[in-house]
Amino acid sequence: MMDTIHFSLANNFDELTRLMSSAEDFLRSRQIPERTIYCVNLILEEVVTNVIKYAFKDEWAHEIQLMLSLQESEVTIRCEDDGCAFDPLSLPPPQLHDSIMDCTEGGLGIYLVRQTAHSMNYLRENGKNILTITIK
């Protein structure tokens, strides 16, 4: 049986704080392990931050739709926005160095999401980015 919660938030950082708190409450109330909650928080923060910072070329309010689904041993995150087309799976891995201070800016967060997720899928449909991420 699938257990799902939907979130609708504006493209501003105050909404990100509300989202993360609500998502954490949802997961904890279903006795999801702390490590999984940590992974979900990492992914939500990175994905939504990127959407807020880079997806929109105007100053207008935009709506970001998120869904968290629980089914057996999987958590699925689905993020949908009407921003500029961007497939995070098309990015090459960042150049990793001995020190994070030596890394060039950009791509490290997406890399962490890709390393944390069991699977990721990107789709551009009806003018919307749809990113689906599964965590085992």
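1. Ground rules. The model is predicted, so local features need pLDDT of at least 70 and side-chain atom pairs count only at pLDDT 80 or more, while totals for chains, interfaces and linings use all residues. Residues are numbered from 1 along each chain as its sequence is written, and side-chain values use heavy atoms, with hydrogens and water left out.

2. An open sheet is built from 5 strands in the order 1-2-3-5-4, with antiparallel pairing. Its edges are strand 1 (3-10) and strand 4 (119-125), each of which pairs on one side only. On average, neighbouring strands of this sheet are turned by 15° against each other, direction ignored. Strands and helices here are DSSP runs, numbered from the N terminus (strands: E, at least two residues; helices: H or I, at least four). Two strands pair if DSSP finds at least two bridges between them.

3. Strand 4 pairs with strand 5 (residues 128-135) in the antiparallel sense, over 7 bridges. Within these strands, S119 stands opposite T134 of strand 5.

4. The helices. Helix 1 (residues 13-29) lies across strand 1 and strand 2, and runs at about 170° to strand 1. Helix 2 packs on the sheet and touches strand 1, strand 2, strand 3 (74-81) and strand 5; its direction makes about 10° with that of strand 3. Contact means heavy atoms within 4.5 Å. Axes are lines fitted to C-alpha atoms, for helices over the stretch in contact, and angles run from 0 to 180 degrees between N-to-C directions.

5. H62. This residue sits in the loop between helix 2 (34-54) and strand 2 (63-71). H62 counts as buried because its relative accessibility is 14% (buried is under 20% relative accessible area, exposed over 50%, partly exposed in between; 1.4 Å probe, protein chains only). Its side chain makes a polar contact of 2.7 Å with the side chain of D58. A polar contact is a pair of N or O atoms within 3.5 Å; within protein, one must be able to donate a hydrogen and the other to accept it, and residues adjacent in sequence count only if both atoms are side-chain atoms.

6. E63. This residue is found in strand 2, and it counts as partly exposed because its relative accessibility is 49%. Its side chain has a polar contact of 2.9 Å with that of S8 and one of 2.7 Å with that of Q65. E63 and D81 are 18 residues apart in sequence, and their C-alpha atoms are 6.7 Å apart in space.
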